[in-house]
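Here is a friendly note to read beside the model, point by point. Please keep the structure open as you go.

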Amino acid sequence: SSNNVLRAEDPNVAPLTGKRVAVLFSGGPAAGGHNVVVGLKHILGKNNTLLGVKAGPKGLLAGDLFETTEADILKITNTGGFDYLGSDRTKIKTDDQFEKVKQTCIRHKLDAIVVIGGDDSNTNAAILAERLYKGVKPDGSGVAVIGVPKTIDGDLQSGEQLPISFGFDTATKIYAELVGNILQDTPSSRKYWHFIKLMGRSASHVALEVGLQTKP
């Protein structure tokens with residue numbers, strides 16, 4: 001067996017140049033967030049610009065953007081957390097907020113916004129995409145909005161296209177290890193009951209998956 005490296009390149013498509021893309025984290029952290037930024041930086045290459053948005057949607061509203069560097073990318077590759085950009089849970093839903101995002105796009109000459117977030121964040125990204133579809137740039141064109149599904153809850157699924165979102169696998173493996181350790185201890189104590197409460201929103205996929213892995 002061998003490892004295959006997948007590259008998002010098509011020899012029949014001319015490489016993009018001069019594009020400016022902003023990326024932000026939205027909602028709770030997940031271990032793969034930094035590597036999404038790393039992947040974006042790599043695929044955009046030296047002929048395009050990747051801008052990080054500080055503190056999630058709030059930073060997008062405030063226009064708090066900065067250019068990512070190769071040195072930044074080396075520091076965050078294969079590291080967990082969302083600390084490189086920061087995140088928050090602001091919902092962009094009012095006309096005033098949409099206008100602020102539009103002004104941020106104009107001021108920073110954005111061609112696209114990548115939103116890395118969960119169920120609520122991707123719903124918000126879909127609405128934002130409709131608002132920025134056209135009429136943003138001087139020529140009347142718009143700004144593309146791309147949603148990257150991130151959630152430990154496991155409630156973002158679409159058959160073969162998206163069987164699992166990143167964040168779920170890491171969370172359930174860590175939880176299963178902790179539950180497994182408690183299961184190993186309980187036969188020795190005998191007189192105690194252990195109640196383990198796991199998060200996962202209303203879907204409870206996390207609790208179900210940990211239960212399947214550990215069989216308590």
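1. A residue is called buried when its relative accessible area is under 20%, exposed when it is over 50%, and partly exposed in between. Arg131 is partly exposed because its relative accessible area is 42%. Please bear in mind that this is a predicted model.

2. Let us begin with the charged pairs. The structure holds four salt bridges, and three of them are described here, starting with Arg131 and Asp95, whose closest N and O atoms are 2.9 Å apart. This pair links distant parts of the chain: Arg131 belongs to helix α5 (residues 119-131) and Asp95 to helix α4 (residues 95-107), 36 residues apart. While Arg131 is partly exposed, Asp95 is exposed, with a relative accessible area of 57%.

3. Next comes Lys137, whose side chain meets that of Asp111 in a salt bridge, 2.5 Å from N to O. Is Asp111 buried or exposed? Asp111 is buried, at 18% relative accessible area, whereas Lys137, at 24%, counts as partly exposed.

4. In helix α6 (residues 168-189), Asp169 and Lys173 are four residues apart, so about one helical turn separates them. Their side chains meet in a salt bridge at 3.4 Å, N to O. Asp169 counts as partly exposed, with 38% relative accessibility, and Lys173 counts as exposed, with 51%.

5. Now for the rings: the structure holds two aromatic pairs. One of them is formed by Phe25 and Phe82, which are stacked, with 3.9 Å centre to centre and 20° between the planes. Phe25 lies in strand β1 (residues 20-25) and Phe82 in the loop between α3 (70-76) and α4, so the pair ties together parts that are 57 residues apart in sequence. Phe25 counts as buried at 0% relative accessibility, and Phe82 is buried at 6%.

6. How are Phe66 and Tyr84 arranged? Phe66 and Tyr84 form an edge-to-face aromatic pair, 5.7 Å centre to centre with 80° between the planes. The pair links distant parts of the chain, 18 residues apart: Phe66 sits in strand β3 (residues 65-67) and Tyr84 in the loop between α3 and α4. Tyr84 counts as buried, at 16% relative accessibility.

How values were computed. Residues numbered from 1 in each chain as written. Predicted model: local features only at pLDDT ≥ 70, side-chain atom pairs only at ≥ 80, totals over all residues. Heavy atoms only, no water. Helix = DSSP H or I, 4+ residues; strand = E, 2+ residues; numbered from the N terminus. Buried < 20%, exposed > 50% of the residue type's maximum accessible area, 1.4 Å probe, protein only. Phe/Tyr/Trp six-rings, centres within 6.5 Å; stacked < 30°, edge-to-face > 60°.
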